[in-house]
Structure formats: structure tokens, C-alpha cells
Amino acid sequence: MKLATSKQKEEITKQKWIIIGSAHKTMMMMTMSFNTTTTASCSQQLASSQKTSVRGGRANNKLRAQKHAIARQNGRRASSLVVCDGTGKFVVGGNWKCNGTIDSIDKLCASLNSGKITADVEVICAPPMVYIDRVQSKLKAPYQIAAQNCWVSKGGAFTGEVSAEMLKDVNIPWVILGHSERRSLCGETNEFVGLKTKYALDTGVKVVACIGESLAQREAGDTLNVCFAQLKAIVDCVTGKDWENIIIAYEPVWAIGTGKVATPDQAQEVHAGVRKWMNENVSADVASKVRIQYGGSVNAGNCDELATKPDIDGFLVGGASLDGEAFVKICNSAAHSK
Ligand code: PEP
């Protein structure tokens, strides 16, 4: 790959937040009103927290940023969409939800192990808790394991829950938090998800934090406001360093498990909006590095096109992650990522 000259590097900085197209410009400049319920006392509420370790090694960030700058100069980004550009390594998660038996889980692990995953993607599989140990012992690198949930604080008298300390104890590096099914079926609020995120991070477990709007919210024009309010509750609880260990998964609720995937442009629009919001509310550095996955009916047939969008840094996959061959194909759509 041809490296960018220092002039091109300067261009990257200058063009970091390009906004093309007046209609979307207007949209991005709208004044957003946020739920101002303060969660500033997160750290007090989680008094027993420890500092999380810092994950390093996004060796290809610079190269991706340079590639983006060159692409822009070549006019490949001539579109009417907002473009901010993530620079993190492509990352695909498989959320197996509450599915499987010993037999089907073993077959899935064998199928995943027999697939060839390219080096340009990080892959995280989230089996049901009861099979997590089995899957951890069967899946080979590069597969990493995530839990699908964990408790908001130290373990104790919380029947049915699993604590972040337990995940850490059994070397589970990731946890998915704030999935829409937990928000809607288990009543998890934005603030609760923020607190859970902080507690997991402080315990040394990295977080895939899910956000996304319902169909009614989208139809009411509230997509970005809803996502920003969900994000704000997390931002209020975490510090700058924590962002090295957080992946945001944008999952429109209407697209989860429905077969109704967001169009690449619909997904890109929200991802760029989220990144822009992160730039304004956290920092430019965090905004460019944080990885934003798209989730919602991603499959082997639609992944390549979605992956071409500059602010889509990977996928969180439900149904299709139960099919080893399809999931490997989705992981390898990283090759289409710009
Ligand atoms: C999910 O549950 O996170 C998800 C995206 O599911 P599906 O891919 O089945 O829509």
C-alpha cells in the first residue's frame, strides 16, 4: 500500500469532519436536545471500581486514515452523505443469544474453526452463558469470547446474574451491554446501561455497547436524538481512557431479527452522526478511533456493501452468526471496508 505524504497527512486533519451535501448538513447542524438527567455521580455509585487496563495495538489505524485521505482526494467519496471516517480495525461480533444445544454449539465451533478469517478483522463470539466455558475451550484464535450481559456491580445476592468479576475470573475479555432485547424485555434504562458499562470496564472487561432506535422513534424523526441520549448515559459514566475498550454497536431495533436491514446509506448516516456527536462531546481522538458496528439483519449477502461505508467499522450479527460459513463470510467482508 502506498503511504500518504506529509501533505496528505495534513489533509487528513483538515478534512477530518467533512460534510458534503446541504440537506445532510442541515440535519447535522440541528440543535440536539438531550436528556440532561445527570449521571455524574457514577464513580461515587461504583466506589469499588478499579482502573481498567489499556488495550493497545491498532497498528493499522494510521494506514486506514491515510487510505481514507487518499480516497477523498481521488474523489471516491463524492456522495451526499456525511462522512467522518473511523480508523479502528474492523470488528465483527456474533451474538448467539439464547440459542443452541451442546450438539449445535459443538458443530458451530467446528464450522467456525474450519473457516479462514483474514488478518484485517477482529472477531468476537458471544455464546449463551451456560456454554461459554465450552465455547472458550473449543474456538481457536482469532475468535475471542464475549458474554451477552453482566451485572451492574459486584456480585452477591443477585439471583440469575453474572458479575463482571466472574467474567474476568474465567478470562472472558468482552461483554455485550445495552442490547435492545435487554432494554425492552428487561427494562434496562440508558442510565443503567451506563453504570454497567463503567463497572465492566473498571473490572477489566471490554464492552460492546449497543444503541439504536425503534421503528416509531425513526418514523418520528428521533433516530439521532435517541442514539445520542443512549450514548450520553455512557459518556457520563466513563473517562476518556475507557473508550479504548468500548465498541459502539448501532442496532436499529426495527432491523434486529426482522430480516429488514438498514440500507448502507441509512446506516452510514447514523454512524457518521454518532461519530460527529462523539467528536463534539468526547474528543476528536476518541471519535476517530472508536469502532462503530452496525447490527440488524446482517447476512452473508448484504455484508460486503454495508462494509464499504466509511463509518461502518464492523458488524454485530445475531441470526447469521449461528451459521459458521455465513459468519466467516461476514467477518471477511472487512476486505471491503474503506
Ligand atoms: C442482534 O441481536 O444483535 C442482531 C443484530 O440480530 P440479527 O442479526 O438477527 O438482526
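Modeller: Let's start with Arg 134, which is partly exposed at a relative accessible area of 31%. On that scale, buried means under 20% relative accessible area, exposed means over 50%, and partly exposed is what falls in between, worked out with a 1.4 Å probe and protein chains only. Keep in mind that this is a predicted model, where local features need pLDDT of at least 70 and side-chain atom pairs count only at pLDDT 80 or more, while totals for chains, interfaces and linings use all residues. Residues are numbered from 1 along each chain as its sequence is written, and side-chain values use heavy atoms, with hydrogens and water left out.

Arg 134 has a partner: Asp 106 forms a salt bridge with it, and their closest N and O atoms are 2.8 Å apart. The two sit 28 residues apart and link distant parts of the chain, with Asp 106 in helix α5 (residues 102-114) and Arg 134 in helix α6 (residues 132-138). Asp 106 is partly exposed too, at 22% relative accessibility. By salt bridge I mean a side-chain nitrogen of Lys or Arg within 4 Å of a carboxyl oxygen of Asp or Glu. Side chains of opposite charge can pair when their charged atoms come close. By this rule the model has 17 salt bridges. As for the element names, helices (H or I, at least four residues) and strands (E, at least two) are DSSP runs, numbered from the N terminus.

What about a buried pair? Asp 313 and Arg 275 are both buried, and they form a salt bridge with the closest N and O atoms 2.7 Å apart. Asp 313 lies in the loop between α14 (303-307) and β8 (314-317), while Arg 275 belongs to helix α12 (residues 264-281), so this pair ties together parts that are 38 residues apart in sequence. Elsewhere, shared partners in salt bridges join Arg 182, Glu 188 and Lys 196 into one network. Arg 182 counts as partly exposed because its relative accessibility is 22%, whereas Glu 188 is buried at 7%.

Now for the strands. Strand β5 (residues 206-211) has 6 of its 6 residues buried. That goes for both faces: Lys 206, Val 208 and Cys 210 on one side, and Val 207, Ala 209 and Ile 211 on the other. Strand β4 (residues 174-177) runs parallel to β5 and is joined to it by 4 bridges; two strands count as a pair if DSSP finds at least two bridges between them.

Ala 209 has Ile 248 of β6 as a bridge partner, and Val 208 has Ile 247. In β6, 5 of its 5 residues are buried, with Ile 246, Ile 248 and Tyr 250 on one side and Ile 247 and Ala 249 on the other. From β6, 4 bridges lead on to strand β7 (residues 291-295), also parallel, and there Ile 247 has Arg 291 as its bridge partner.

Thr 223 lies in helix α11 (residues 223-235) and is buried, at 10% relative accessibility. Leaving aside neighbours within four places in sequence, Thr 223 is in contact (heavy atoms within 4.5 Å) with Glu 213, Gln 217, Arg 218, Tyr 250 and Val 270.

Last stop, the ligand. There are 14 residues around it, and Lys 97, Glu 251, Gly 257, Ser 297 and Gly 318 come nearest; to be counted, a residue needs a heavy atom within 4 Å. A polar backbone atom of Ser 297 is 2.7 Å from a ligand oxygen atom. Asn 95 brings a polar side-chain atom to 3.5 Å from an oxygen atom of the ligand, and a backbone N or O atom of Gly 319 lies 2.8 Å from one. On its own the ligand has 290 Å² of accessible area, and the protein covers 96% of that, with areas taken from the Shrake-Rupley method using a 1.4 Å probe.

Key
Polar contact = N/O pair within 3.5 Å; in protein donor to acceptor, adjacent residues only side chain to side chain.
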